[in-house]
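Below is a briefing on one structure, covering salt bridges, a strand and the surroundings of a ligand.

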Amino acid sequence: MPALLEAASTYATGVCQGLDSAPVAVPPRVHPPSELSAAGIGAERALELFADAIAPSLAASAGPRHLGFVTGGATPAAIVGDWLATVFDQNPISRLDSSTALQLERDTVAMLRSLFGLPEQFSGSFVSGATMANFVGLALAREWAGREVGVRVSADGLAALPRITLLSATPHSSSTKALSMLGLGRHLWQAVACLPGREAMDTLALEGLLASRQGLCVVIASAGTVNTGDFDDFEHLARLKKAHSFWLHIDAAFGGFASVSPELRPLLAGWACADSICVDLHKWLNVPYDSGIAFTRHRDLQVDVFSNVATYLGRSADDPEPIHLAPENSHRWRALPAWFSLIAYGSDGYREIVERDCRLARVLGERIQQSEWFDLLAPVKLNIVCFAPRNPDITS
Ligand SMILES: Cc1ncc(COP(=O)(O)O)c(C=O)c1O
(Lines give C-alpha, C1' and ligand atoms only; values in the text may rest on other atoms or scores of the structure.)
Protein backbone atom coordinates (compact mmCIF):
# COMPACT_ATOMS: atom_id res chain seq x y z
CA MET A 1 0.00 0.00 0.00
CA PRO A 2 2.57 2.69 0.92
CA ALA A 3 4.43 2.36 -2.41
CA LEU A 4 1.19 2.30 -4.37
CA LEU A 5 -0.26 5.36 -2.63
CA GLU A 6 3.06 7.13 -3.06
CA ALA A 7 3.01 6.38 -6.81
CA ALA A 8 -0.61 7.56 -7.09
CA SER A 9 0.19 10.73 -5.14
CA THR A 10 3.23 11.54 -7.31
CA TYR A 11 1.19 10.94 -10.44
CA ALA A 12 -1.74 13.06 -9.15
CA THR A 13 0.64 15.89 -8.23
CA GLY A 14 1.92 15.92 -11.82
CA VAL A 15 -1.66 16.00 -13.14
CA CYS A 16 -2.51 19.00 -10.93
CA GLN A 17 0.67 20.82 -11.96
CA GLY A 18 -0.13 20.21 -15.62
CA LEU A 19 -3.71 21.54 -15.44
CA ASP A 20 -2.58 25.01 -16.51
CA SER A 21 -1.32 23.74 -19.85
CA ALA A 22 -3.36 20.56 -20.50
CA PRO A 23 -5.99 20.79 -23.25
CA VAL A 24 -9.39 21.83 -21.92
CA ALA A 25 -11.22 20.19 -24.80
CA VAL A 26 -10.01 16.97 -26.33
CA PRO A 27 -11.16 15.58 -29.67
CA PRO A 28 -13.00 12.28 -29.29
CA ARG A 29 -10.61 9.34 -29.42
CA VAL A 30 -11.50 5.73 -29.98
CA HIS A 31 -9.93 3.51 -27.34
CA PRO A 32 -9.71 -0.23 -27.69
CA PRO A 33 -12.26 -1.50 -25.17
CA SER A 34 -10.88 -2.49 -21.78
CA GLU A 35 -11.16 -6.20 -21.23
CA LEU A 36 -11.59 -8.20 -18.06
CA SER A 37 -8.74 -10.67 -17.68
CA ALA A 38 -8.77 -13.67 -15.38
CA ALA A 39 -5.58 -12.82 -13.51
CA GLY A 40 -5.64 -9.01 -13.55
CA ILE A 41 -2.47 -6.96 -14.00
CA GLY A 42 -2.08 -5.59 -10.48
CA ALA A 43 -2.70 -2.07 -9.20
CA GLU A 44 0.72 -0.64 -10.23
CA ARG A 45 0.29 -1.74 -13.84
CA ALA A 46 -3.33 -0.54 -13.79
CA LEU A 47 -2.05 2.91 -12.79
CA GLU A 48 0.51 2.83 -15.62
CA LEU A 49 -2.14 1.72 -18.12
CA PHE A 50 -4.49 4.51 -17.00
CA ALA A 51 -1.71 7.12 -17.19
CA ASP A 52 -0.60 5.99 -20.66
CA ALA A 53 -3.81 5.04 -22.40
CA ILE A 54 -6.71 6.88 -20.76
CA ALA A 55 -5.56 10.08 -19.05
CA PRO A 56 -4.02 11.79 -22.13
CA SER A 57 -7.45 12.04 -23.73
CA LEU A 58 -9.19 13.48 -20.66
CA ALA A 59 -10.18 17.17 -20.76
CA ALA A 60 -8.60 19.40 -18.09
CA SER A 61 -12.07 20.16 -16.75
CA ALA A 62 -10.73 20.51 -13.19
CA GLY A 63 -8.52 23.43 -14.21
CA PRO A 64 -9.09 27.18 -14.35
CA ARG A 65 -9.23 27.46 -18.15
CA HIS A 66 -12.26 25.19 -18.51
CA LEU A 67 -15.27 27.44 -19.06
CA GLY A 68 -17.83 24.92 -20.29
CA PHE A 69 -21.21 24.37 -18.63
CA VAL A 70 -21.16 25.17 -14.91
CA THR A 71 -18.29 22.87 -14.08
CA GLY A 72 -16.57 23.48 -10.76
CA GLY A 73 -13.02 22.57 -9.92
CA ALA A 74 -11.77 21.08 -6.67
CA THR A 75 -9.98 23.10 -4.00
CA PRO A 76 -6.77 21.57 -2.61
CA ALA A 77 -8.46 20.98 0.76
CA ALA A 78 -11.44 19.30 -0.95
CA ILE A 79 -9.10 16.96 -2.82
CA VAL A 80 -7.48 15.93 0.47
CA GLY A 81 -10.94 15.40 2.01
CA ASP A 82 -12.06 13.35 -0.97
CA TRP A 83 -9.00 11.12 -0.81
CA LEU A 84 -9.51 10.57 2.89
CA ALA A 85 -13.21 9.84 2.37
CA THR A 86 -12.01 6.95 0.20
CA VAL A 87 -9.36 5.84 2.64
CA PHE A 88 -11.72 5.81 5.63
CA ASP A 89 -14.58 4.49 3.48
CA GLN A 90 -17.31 5.41 5.95
CA ASN A 91 -20.98 4.81 5.30
CA PRO A 92 -22.58 7.55 7.41
CA ILE A 93 -26.13 6.27 7.34
CA SER A 94 -26.70 5.71 11.02
CA ARG A 95 -25.14 5.73 14.45
CA LEU A 96 -24.57 2.00 14.35
CA ASP A 97 -21.04 2.25 12.92
CA SER A 98 -18.97 5.29 13.83
CA SER A 99 -21.26 8.04 14.93
CA THR A 100 -18.43 10.53 14.30
CA ALA A 101 -18.87 10.27 10.52
CA LEU A 102 -22.56 11.01 10.96
CA GLN A 103 -21.81 13.91 13.30
CA LEU A 104 -19.34 15.43 10.83
CA GLU A 105 -22.00 15.18 8.11
CA ARG A 106 -24.45 17.06 10.35
CA ASP A 107 -21.86 19.67 11.29
CA THR A 108 -21.12 20.22 7.60
CA VAL A 109 -24.81 20.69 6.83
CA ALA A 110 -24.92 23.29 9.64
CA MET A 111 -21.84 25.08 8.24
CA LEU A 112 -23.41 25.14 4.77
CA ARG A 113 -26.68 26.47 6.19
CA SER A 114 -24.68 29.23 7.83
CA LEU A 115 -22.70 29.92 4.61
CA PHE A 116 -26.00 30.32 2.76
CA GLY A 117 -27.50 32.44 5.54
CA LEU A 118 -30.50 30.13 5.93
CA PRO A 119 -32.43 29.94 9.21
CA GLU A 120 -32.10 26.93 11.53
CA GLN A 121 -35.48 25.52 10.56
CA PHE A 122 -33.84 24.25 7.37
CA SER A 123 -32.54 20.72 7.56
CA GLY A 124 -30.15 19.60 4.86
CA SER A 125 -29.28 16.28 3.26
CA PHE A 126 -26.29 15.41 1.14
CA VAL A 127 -27.20 14.03 -2.28
CA SER A 128 -25.27 13.38 -5.49
CA GLY A 129 -25.97 16.80 -7.04
CA ALA A 130 -28.58 19.35 -8.00
CA THR A 131 -30.65 16.89 -10.00
CA MET A 132 -31.19 14.75 -6.91
CA ALA A 133 -31.67 17.84 -4.73
CA ASN A 134 -34.44 18.99 -7.11
CA PHE A 135 -35.86 15.48 -6.98
CA VAL A 136 -35.93 15.59 -3.16
CA GLY A 137 -37.57 19.04 -3.10
CA LEU A 138 -40.27 17.99 -5.56
CA ALA A 139 -40.84 14.67 -3.77
CA LEU A 140 -41.53 16.67 -0.62
CA ALA A 141 -43.83 18.98 -2.58
CA ARG A 142 -45.76 15.93 -3.77
CA GLU A 143 -46.07 14.64 -0.20
CA TRP A 144 -47.18 18.08 1.02
CA ALA A 145 -49.82 18.22 -1.72
CA GLY A 146 -51.12 14.85 -0.54
CA ARG A 147 -51.30 15.98 3.07
CA GLU A 148 -53.29 19.06 2.03
CA VAL A 149 -56.08 16.74 0.87
CA GLY A 150 -55.68 14.01 3.50
CA VAL A 151 -53.66 11.60 1.31
CA ARG A 152 -50.28 10.07 2.20
CA VAL A 153 -48.64 9.62 -1.18
CA SER A 154 -45.64 7.92 0.44
CA ALA A 155 -47.93 5.23 1.86
CA ASP A 156 -50.81 4.99 -0.58
CA GLY A 157 -49.22 6.02 -3.87
CA LEU A 158 -49.91 8.64 -6.47
CA ALA A 159 -53.28 7.38 -7.61
CA ALA A 160 -55.08 8.99 -4.66
CA LEU A 161 -53.59 12.44 -5.36
CA PRO A 162 -55.67 14.99 -7.29
CA ARG A 163 -53.85 16.70 -10.15
CA ILE A 164 -51.38 19.33 -9.03
CA THR A 165 -50.69 22.60 -10.83
CA LEU A 166 -46.95 23.12 -11.30
CA LEU A 167 -45.88 26.63 -12.27
CA SER A 168 -42.43 27.78 -13.28
CA ALA A 169 -40.84 30.22 -15.72
CA THR A 170 -37.44 28.73 -16.57
CA PRO A 171 -36.98 25.48 -14.69
CA HIS A 172 -33.73 23.62 -15.22
CA SER A 173 -34.20 20.43 -17.24
CA SER A 174 -33.32 18.40 -14.14
CA SER A 175 -36.54 19.59 -12.49
CA THR A 176 -38.70 18.36 -15.35
CA LYS A 177 -36.66 15.13 -15.26
CA ALA A 178 -37.51 14.91 -11.55
CA LEU A 179 -41.21 15.30 -12.40
CA SER A 180 -40.84 12.33 -14.70
CA MET A 181 -39.06 10.26 -12.02
CA LEU A 182 -41.73 11.16 -9.46
CA GLY A 183 -44.58 9.92 -11.63
CA LEU A 184 -45.98 13.46 -11.90
CA GLY A 185 -44.97 13.72 -15.54
CA ARG A 186 -42.91 16.29 -17.41
CA HIS A 187 -46.05 17.81 -18.91
CA LEU A 188 -47.23 18.91 -15.49
CA TRP A 189 -45.07 22.01 -15.90
CA GLN A 190 -47.19 25.00 -16.87
CA ALA A 191 -45.07 27.91 -18.10
CA VAL A 192 -45.32 31.26 -16.35
CA ALA A 193 -44.35 34.24 -18.49
CA CYS A 194 -40.84 35.66 -18.11
CA LEU A 195 -40.09 39.34 -17.64
CA PRO A 196 -39.35 40.98 -21.03
CA GLY A 197 -35.91 39.95 -22.30
CA ARG A 198 -35.23 37.93 -19.15
CA GLU A 199 -35.37 34.37 -17.89
CA ALA A 200 -36.81 35.54 -14.55
CA MET A 201 -40.45 34.89 -13.75
CA ASP A 202 -43.02 37.63 -14.22
CA THR A 203 -44.33 37.32 -10.67
CA LEU A 204 -47.40 39.45 -11.47
CA ALA A 205 -48.32 36.86 -14.09
CA LEU A 206 -47.77 34.18 -11.42
CA GLU A 207 -50.01 36.11 -9.05
CA GLY A 208 -52.78 36.06 -11.67
CA LEU A 209 -52.40 32.31 -12.17
CA LEU A 210 -52.41 31.65 -8.42
CA ALA A 211 -55.56 33.73 -7.98
CA SER A 212 -57.41 31.95 -10.79
CA ARG A 213 -56.32 28.37 -10.17
CA GLN A 214 -58.10 25.84 -8.02
CA GLY A 215 -56.47 23.03 -6.11
CA LEU A 216 -52.90 22.26 -5.17
CA CYS A 217 -50.03 24.24 -6.52
CA VAL A 218 -46.24 23.94 -6.61
CA VAL A 219 -43.96 26.72 -7.86
CA ILE A 220 -40.37 26.11 -8.99
CA ALA A 221 -38.29 29.28 -8.87
CA SER A 222 -34.73 29.88 -10.02
CA ALA A 223 -31.76 31.38 -8.23
CA GLY A 224 -29.43 31.44 -11.22
CA THR A 225 -30.81 30.08 -14.49
CA VAL A 226 -28.30 28.00 -16.38
CA ASN A 227 -28.34 30.07 -19.59
CA THR A 228 -28.11 33.60 -18.24
CA GLY A 229 -27.76 33.36 -14.44
CA ASP A 230 -31.09 35.12 -13.87
CA PHE A 231 -32.91 35.24 -10.52
CA ASP A 232 -36.60 35.23 -9.70
CA ASP A 233 -37.94 37.88 -7.33
CA PHE A 234 -38.07 36.00 -4.01
CA GLU A 235 -39.36 38.97 -2.03
CA HIS A 236 -42.44 39.06 -4.23
CA LEU A 237 -42.73 35.27 -3.96
CA ALA A 238 -42.56 35.59 -0.16
CA ARG A 239 -45.46 38.06 -0.27
CA LEU A 240 -47.42 35.74 -2.58
CA LYS A 241 -46.84 32.88 -0.16
CA LYS A 242 -48.58 34.85 2.57
CA ALA A 243 -51.64 35.33 0.39
CA HIS A 244 -51.81 31.94 -1.39
CA SER A 245 -51.10 28.39 -0.40
CA PHE A 246 -48.40 26.80 -2.58
CA TRP A 247 -45.14 24.89 -2.18
CA LEU A 248 -42.12 26.90 -3.23
CA HIS A 249 -39.04 25.04 -4.43
CA ILE A 250 -35.98 27.09 -5.37
CA ASP A 251 -33.31 25.70 -7.66
CA ALA A 252 -30.23 27.54 -6.41
CA ALA A 253 -27.76 25.03 -7.87
CA PHE A 254 -25.07 27.68 -8.20
CA GLY A 255 -26.96 30.94 -7.52
CA GLY A 256 -27.20 30.03 -3.82
CA PHE A 257 -23.55 31.03 -3.53
CA ALA A 258 -24.50 34.67 -4.12
CA SER A 259 -25.16 34.56 -0.37
CA VAL A 260 -21.41 34.57 0.40
CA SER A 261 -20.92 38.04 -1.06
CA PRO A 262 -22.48 41.24 0.38
CA GLU A 263 -22.46 42.68 -3.13
CA LEU A 264 -24.38 39.72 -4.67
CA ARG A 265 -26.53 38.73 -1.68
CA PRO A 266 -29.45 41.05 -2.61
CA LEU A 267 -30.16 38.71 -5.55
CA LEU A 268 -31.37 36.18 -2.96
CA ALA A 269 -33.39 38.58 -0.79
CA GLY A 270 -36.44 36.75 0.52
CA TRP A 271 -35.34 33.24 -0.56
CA ALA A 272 -35.65 31.82 2.96
CA CYS A 273 -39.43 31.73 2.43
CA ALA A 274 -38.88 28.59 0.30
CA ASP A 275 -40.16 25.21 1.40
CA SER A 276 -37.25 23.45 -0.28
CA ILE A 277 -33.97 24.60 -1.82
CA CYS A 278 -31.45 22.81 -4.01
CA VAL A 279 -27.74 23.76 -4.01
CA ASP A 280 -24.99 22.00 -5.92
CA LEU A 281 -21.71 21.59 -4.10
CA HIS A 282 -19.65 20.27 -7.00
CA LYS A 283 -20.21 23.62 -8.67
CA TRP A 284 -19.22 26.68 -6.60
CA LEU A 285 -18.17 24.93 -3.41
CA ASN A 286 -15.53 23.39 -5.66
CA VAL A 287 -15.62 19.93 -4.16
CA PRO A 288 -15.11 16.98 -6.51
CA TYR A 289 -18.08 15.28 -8.16
CA ASP A 290 -20.51 14.22 -6.93
CA SER A 291 -22.04 16.39 -4.24
CA GLY A 292 -25.14 18.50 -3.67
CA ILE A 293 -27.45 19.43 -0.81
CA ALA A 294 -31.22 19.44 -0.47
CA PHE A 295 -32.52 21.88 2.14
CA THR A 296 -36.05 21.92 3.47
CA ARG A 297 -37.98 23.37 6.36
CA HIS A 298 -40.24 20.26 6.38
CA ARG A 299 -38.15 17.47 7.86
CA ASP A 300 -41.30 15.62 8.88
CA LEU A 301 -42.20 15.24 5.19
CA GLN A 302 -38.65 14.03 4.46
CA VAL A 303 -39.15 11.27 7.02
CA ASP A 304 -42.49 10.31 5.48
CA VAL A 305 -41.02 10.05 1.98
CA PHE A 306 -37.56 8.64 2.60
CA SER A 307 -37.87 6.67 5.84
CA ASN A 308 -36.13 3.31 5.48
CA VAL A 309 -37.93 1.01 7.84
CA ALA A 310 -35.90 -2.02 8.93
CA THR A 311 -35.49 -3.56 12.35
CA TYR A 312 -31.73 -3.92 11.91
CA LEU A 313 -31.31 -0.19 11.23
CA GLY A 314 -33.66 1.57 13.63
CA ARG A 315 -34.57 5.24 13.60
CA SER A 316 -34.09 8.00 16.11
CA ALA A 317 -37.48 9.57 16.83
CA ASP A 318 -36.28 13.13 17.41
CA ASP A 319 -33.18 13.19 15.21
CA PRO A 320 -33.67 10.92 12.19
CA GLU A 321 -30.47 9.65 10.58
CA PRO A 322 -29.56 10.51 6.93
CA ILE A 323 -30.85 7.15 5.72
CA HIS A 324 -34.38 8.37 6.58
CA LEU A 325 -34.06 11.78 4.91
CA ALA A 326 -32.80 11.24 1.36
CA PRO A 327 -33.10 8.79 -1.54
CA GLU A 328 -29.84 6.97 -0.90
CA ASN A 329 -29.30 4.56 1.95
CA SER A 330 -25.58 3.68 1.87
CA HIS A 331 -23.63 6.62 0.59
CA ARG A 332 -20.14 8.00 0.22
CA TRP A 333 -18.91 10.28 3.00
CA ARG A 334 -19.52 13.28 0.72
CA ALA A 335 -19.50 15.62 3.66
CA LEU A 336 -15.76 15.17 4.23
CA PRO A 337 -14.44 17.09 1.17
CA ALA A 338 -16.97 19.84 1.89
CA TRP A 339 -15.93 19.90 5.57
CA PHE A 340 -12.24 20.15 4.63
CA SER A 341 -12.84 22.99 2.22
CA LEU A 342 -15.13 24.96 4.54
CA ILE A 343 -12.75 24.54 7.48
CA ALA A 344 -9.72 25.41 5.33
CA TYR A 345 -10.99 28.56 3.62
CA GLY A 346 -13.94 29.77 5.72
CA SER A 347 -16.68 32.03 4.44
CA ASP A 348 -14.13 34.70 3.46
CA GLY A 349 -12.38 32.20 1.20
CA TYR A 350 -15.64 31.41 -0.58
CA ARG A 351 -16.49 35.08 -0.83
CA GLU A 352 -13.15 35.62 -2.58
CA ILE A 353 -13.71 32.69 -4.98
CA VAL A 354 -17.23 33.79 -5.92
CA GLU A 355 -16.47 37.51 -6.24
CA ARG A 356 -13.32 36.89 -8.32
CA ASP A 357 -15.22 34.53 -10.58
CA CYS A 358 -18.00 37.11 -11.11
CA ARG A 359 -15.46 39.89 -11.69
CA LEU A 360 -13.81 37.83 -14.43
CA ALA A 361 -17.22 37.08 -15.96
CA ARG A 362 -17.98 40.83 -16.05
CA VAL A 363 -14.63 41.54 -17.75
CA LEU A 364 -15.36 38.87 -20.37
CA GLY A 365 -18.86 40.33 -20.85
CA GLU A 366 -17.40 43.82 -21.39
CA ARG A 367 -14.89 42.50 -23.91
CA ILE A 368 -17.64 40.70 -25.80
CA GLN A 369 -19.70 43.88 -25.89
CA GLN A 370 -16.74 45.69 -27.45
CA SER A 371 -16.03 42.90 -29.92
CA GLU A 372 -17.04 43.10 -33.58
CA TRP A 373 -17.56 39.31 -33.81
CA PHE A 374 -19.84 38.47 -30.89
CA ASP A 375 -23.08 39.66 -29.33
CA LEU A 376 -23.67 39.56 -25.60
CA LEU A 377 -27.13 38.03 -25.24
CA ALA A 378 -27.83 38.92 -21.61
CA PRO A 379 -26.32 41.20 -18.97
CA VAL A 380 -23.74 39.42 -16.81
CA LYS A 381 -25.46 39.05 -13.43
CA LEU A 382 -23.28 36.43 -11.86
CA ASN A 383 -20.76 34.00 -13.38
CA ILE A 384 -22.46 33.25 -16.70
CA VAL A 385 -21.60 35.03 -19.92
CA CYS A 386 -24.18 34.24 -22.59
CA PHE A 387 -23.02 35.24 -26.06
CA ALA A 388 -23.21 34.19 -29.71
CA PRO A 389 -21.23 34.85 -32.89
CA ARG A 390 -22.68 37.83 -34.76
CA ASN A 391 -22.33 35.90 -37.98
CA PRO A 392 -24.00 32.54 -37.24
CA ASP A 393 -22.09 30.89 -40.11
CA ILE A 394 -18.82 31.29 -38.20
CA THR A 395 -18.05 27.96 -36.66
CA SER A 396 -14.38 28.34 -35.80
C1 LIG B 1 -29.71 25.60 -12.28
C2 LIG B 1 -29.30 24.15 -12.33
N3 LIG B 1 -30.06 23.22 -11.72
C4 LIG B 1 -29.74 21.93 -11.75
C5 LIG B 1 -28.61 21.48 -12.41
C6 LIG B 1 -28.29 20.02 -12.43
O7 LIG B 1 -27.09 19.78 -11.76
P8 LIG B 1 -26.36 18.37 -11.67
O9 LIG B 1 -25.94 18.03 -13.07
O10 LIG B 1 -25.23 18.65 -10.77
O11 LIG B 1 -27.30 17.38 -11.11
C12 LIG B 1 -27.78 22.40 -13.05
C13 LIG B 1 -26.59 21.97 -13.78
O14 LIG B 1 -25.96 22.70 -14.50
C15 LIG B 1 -28.13 23.78 -13.00
O16 LIG B 1 -27.37 24.72 -13.58
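Lys 241 counts as partly exposed at 21% relative accessibility, where buried means under 20% relative accessible area, exposed over 50% and partly exposed in between (1.4 Å probe, protein chains only). This is a predicted model, in which local features need pLDDT of at least 70 and side-chain atom pairs count only at pLDDT 80 or more, while totals for chains, interfaces and linings use all residues. Residues are numbered from 1 along each chain as its sequence is written, and side-chain values use heavy atoms, with hydrogens and water left out.

**Salt bridges**

- A salt bridge is a side-chain nitrogen of Lys or Arg within 4 Å of a carboxyl oxygen of Asp or Glu; the count comes to 16 salt bridges.
- Lys 241 pairs in this way with Asp 275, with 2.8 Å between the closest N and O atoms.
- Asp 275 lies in the loop between S5 and S6 and Lys 241 in helix H9 (residues 234–243), so the pair ties together parts 34 residues apart in sequence. Helices (H or I, at least four residues) and strands (E, at least two) are DSSP runs, numbered from the N terminus.
- Asp 275 is buried, at 7% relative accessibility.
- Arg 147 forms a salt bridge with Asp 300, the closest N and O atoms being 3.0 Å apart. This pair links helix H5 to helix H10 (residues 299–306) across 153 residues.
- Lys 283 and Asp 280 meet in a salt bridge at 2.5 Å, N to O. Asp 280 is buried, with a relative accessible area of 1%, and Lys 283 is buried at 16%.

**Strand S6**

- Five of the five residues of strand S6 (residues 276–280) are buried, so the strand is largely enclosed by the rest of the structure.
- Ser 276, Cys 278 and Asp 280 are buried on one side, and Ile 277 and Val 279 on the other.
- S6 pairs with strand S5 (residues 247–251) in the parallel sense over three bridges, pairing being at least two DSSP bridges between two strands. Cys 278 is the bridge partner of Asp 251.
- With strand S7 (residues 292–296), S6 pairs in the antiparallel sense over five bridges; here Cys 278 stands opposite Ala 294.

**Ligand surroundings**

- The ligand is surrounded by 15 residues, the closest being Thr 131, Asp 251, Asp 280, His 282 and Lys 283; a residue belongs here if one of its heavy atoms lies within 4 Å.
- A polar side-chain atom of Asp 280 lies 2.6 Å from an oxygen atom of the ligand, and one of Asp 251 lies 2.7 Å from a ligand nitrogen atom.
- Helix H5 (residues 130–148) gives the most to the shell, with three residues.

Definitions and conventions: Polar contact = N/O pair within 3.5 Å; in protein donor to acceptor, adjacent residues only side chain to side chain.
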